[in-house]
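Trainee: I am new to this structure. Please take me through one part closely, then show me what else holds the fold's pieces to each other.

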Amino acid sequence: MRLETVKTFVLIVLIGISMLLSYTLWSYQPNSNRTIGGGIVDKETDVGGLSDKTKRSMVKPGEIIFHKQDRYYGFINAVERDQLYEEMQKWVITDFEAQASDEDLQKPNNGVELIFPDEIPMDIMNSLFKFGFDDFILPTWSIDRIFISFLTESKSLQLDFISSENNQTSHAVINDTKSYEKLWSMMANINEEKLQRYLVINEDTSPIYIPQDPVSLPNYSITATDINPGRFVNILFANPTIVRETNSESIGEAYFTDSRQLSVYSERMRMEYVNHATSNANEDVFITEVELLDRTIRNINSHSGWTGDYRLEDIHSPLLRVSFQMYYRGYPVFSNYKLSTIQQRWGVSQTGDMQLLNYDRPLFSFDREVLLREVDDLSSGENVIAYLENHTDVALENIQDIKVGYELIYKRDDQESEYIELNPMWYKKENGIWQKIVFDEDTNPKGVE
């Protein structure tokens, strides 16, 4: 009898526990702050960078070259080059005219040439410069160079917007005596403390200018501030509460749903986001390069994503892709592990709306800088040209650009402290890809990575 009583009591207790658990599950409301495998993720969508970038601040020439008779000069300090360009952006343009020509522009002996990293649409010029009138129509072609010549009689400047690919040119005039005199003074009285001799290759097609003498730039060691990749879950996923997390040896760290995935690489220094729900068929999408650039800048502004000095590198319309290059003190920064570029690619959703398809970017910002040493052993431009002319694997006509930039290297010392080194190197761009030129102890190139 007692045994039956005990069984009945235990059964009643189990039924009670079952009912309590069922009620708890039915009445549970998920907390929107508790997500990704139970971890706490705040609702913050600010990653700590700038949020007010514009086309005007992100489209800059990679070189400003002074033509004086048969000699060429460029800035020793890249920051001073950027400062001159910012002054040029304050000029007021008048007398704008667009024309097509089957002949190359005949440049005068004296002038100033602005060279952009890639072709940029003429539609963007009213965002980069000031126009003193409203009734003008910008042409649809793209340009990669602006040549400034001196009109001595009127003491004004003529700007020629040049498309190297299509032999098309637009002309404009700056009627400002002070601007004319300042630029002419820099041209007529070359200050060798600010400007250095440059050499040129491919002069008859797409000229490339490089410093003639050995280049001296500092090495930097920089501590970095990490960006929590979980913050991008709030930015890139419509409903963070359903995002799952994995961190395995085979897959690595990743956040995902059925249609989207954010993967973290390179010691949590870089991320790649993919939206699988977006169509790859972009052939039916009509969006101008300027609209694509605007959309990309707005998107990154929306989460304060400009965590360094990034500048427009490339607009690839067929793929709806925009790329930005990191710069440091006016020089481009390169990395073998995609730690120095921000890239977005757009596509069409199933409902026909534009959506972000891919988003690749670094997950750090620079913090404290330490100057390691001044580098005075970078090879001269003459040696670089000699290498290119004598290297059997290099065709000069395929080279798109040559410049000094910083190689970004992630390091960890014996105390497990993490930091970034920036080392100046020579780079060449061939078939759209930047490659480091490696020199031996005699400053003769020995190969390319």
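Trainee: Which exposed residues does the face of helix 8 turned away from its buried side carry?

Mentor: A caution to begin with: this is a predicted model. The face of helix 8 turned away from its buried side carries Glu-389 and Asn-390. Both residues are exposed.

Now turn to the buried side. Helix 8 runs over residues 381–390. Its buried residues are Gly-381, Val-384, Ile-385, Tyr-387 and Leu-388. They cover an arc of only 155° around the axis, so they sit on the same side of helix 8. An α-helix has 3.6 residues a turn, so residues three or four places apart point the same way.

Helix 5 can be read in this manner too. Its buried residues are Ser-179, Tyr-180, Leu-183 and Met-187. The arc they cover is only 100° around the axis, which puts them on the same side of helix 5. What lies over them? The cover includes helix 3, strand 3 (63–68) and strand 6 (110–121). Strand 8 (142–151) and strand 9 (156–163) are also included. The length of helix 5 can be checked as well. At 1.5 Å a residue, its 12 residues should span 16 Å. The end C-alpha atoms are 16 Å apart, which agrees.

Helix 5 also has a charged link to helix 3. Lys-182 forms a salt bridge with Glu-87, with the closest N and O atoms 2.5 Å apart. Lys-182 lies in helix 5 (residues 177–188) and Glu-87 in helix 3, so the pair ties together parts that are 95 residues apart in sequence. Lys-182 is partly exposed, at a relative accessible area of 43%. Glu-87 is partly exposed too, at 33%.

The side chains of Asp-82 and Arg-311 meet at 2.7 Å, N to O. Asp-82 is in helix 3 (residues 78–88) and Arg-311 is in strand 18 (residues 309–316), so this pair ties together parts that are 229 residues apart in sequence. Both Asp-82 and Arg-311 are buried. Arg-311 has a ring beside its charged partner. It lies over the face of Tyr-327, at 4.4 Å from the ring centre.

The structure holds 18 of them. One joins the side chains of Asp-258 and Arg-244, at 2.9 Å, N to O. Asp-258 is in the loop between strand 15 (252–256) and strand 16 (260–265), and Arg-244 is in strand 14 (residues 244–248), so the pair ties together parts that are 14 residues apart in sequence. Asp-258 counts as exposed, at 77% relative accessibility. Arg-244 counts as partly exposed, at 39%. Some salt bridges share partners, and in this way Arg-81, Asp-82, Asp-309 and Arg-311 are joined into one network.

Next come the rings. The count is 22 aromatic pairs. Phe-96 and Phe-131 form an edge-to-face pair, with 5.9 Å from centre to centre and 70° between the planes. Phe-96 is in strand 5 (residues 92–100) and Phe-131 in strand 7 (residues 130–131), 35 residues apart. Both Phe-96 and Phe-131 are buried. The ring centres of Phe-334 and Trp-434 are 5.1 Å apart and their planes are at 45°, so that pair is tilted. It links distant parts of the chain: Phe-334 lies in strand 20 (residues 331–334) and Trp-434 in strand 26 (residues 433–439), 100 residues apart. Phe-334 is buried, with a relative accessible area of 7%.

Phe-96 and Phe-131 also belong to one aromatic cluster. Tyr-85, Phe-116, Phe-129, Phe-133 and Phe-161 are in that cluster with them.

Finish at Asp-401, in strand 24 (residues 399–412). Asp-401 is buried, with a relative accessible area of 19%. Leaving aside neighbours within four places in sequence, its contacts are Ile-208, Tyr-427, Lys-428, Lys-429 and Trp-434. Trp-434 is the residue whose ring pairs with that of Phe-334. Asp-401 and Asp-118 are 283 residues apart in sequence, yet 10.0 Å apart in space, C-alpha to C-alpha.

Key: Residues numbered from 1 in each chain as written. Predicted model: local features only at pLDDT ≥ 70, side-chain atom pairs only at ≥ 80, totals over all residues. Heavy atoms only, no water. Salt bridge = Lys/Arg side-chain N within 4 Å of Asp/Glu carboxyl O. Helix = DSSP H or I, 4+ residues; strand = E, 2+ residues; numbered from the N terminus. Buried < 20%, exposed > 50% of the residue type's maximum accessible area, 1.4 Å probe, protein only. Phe/Tyr/Trp six-rings, centres within 6.5 Å; stacked < 30°, edge-to-face > 60°. Lys NZ or Arg CZ within 6 Å of the ring centre and 35° of its normal. Contact = heavy atoms within 4.5 Å. Expected span 1.5 Å × (residues − 1). Arc of directions from axis to C-beta.
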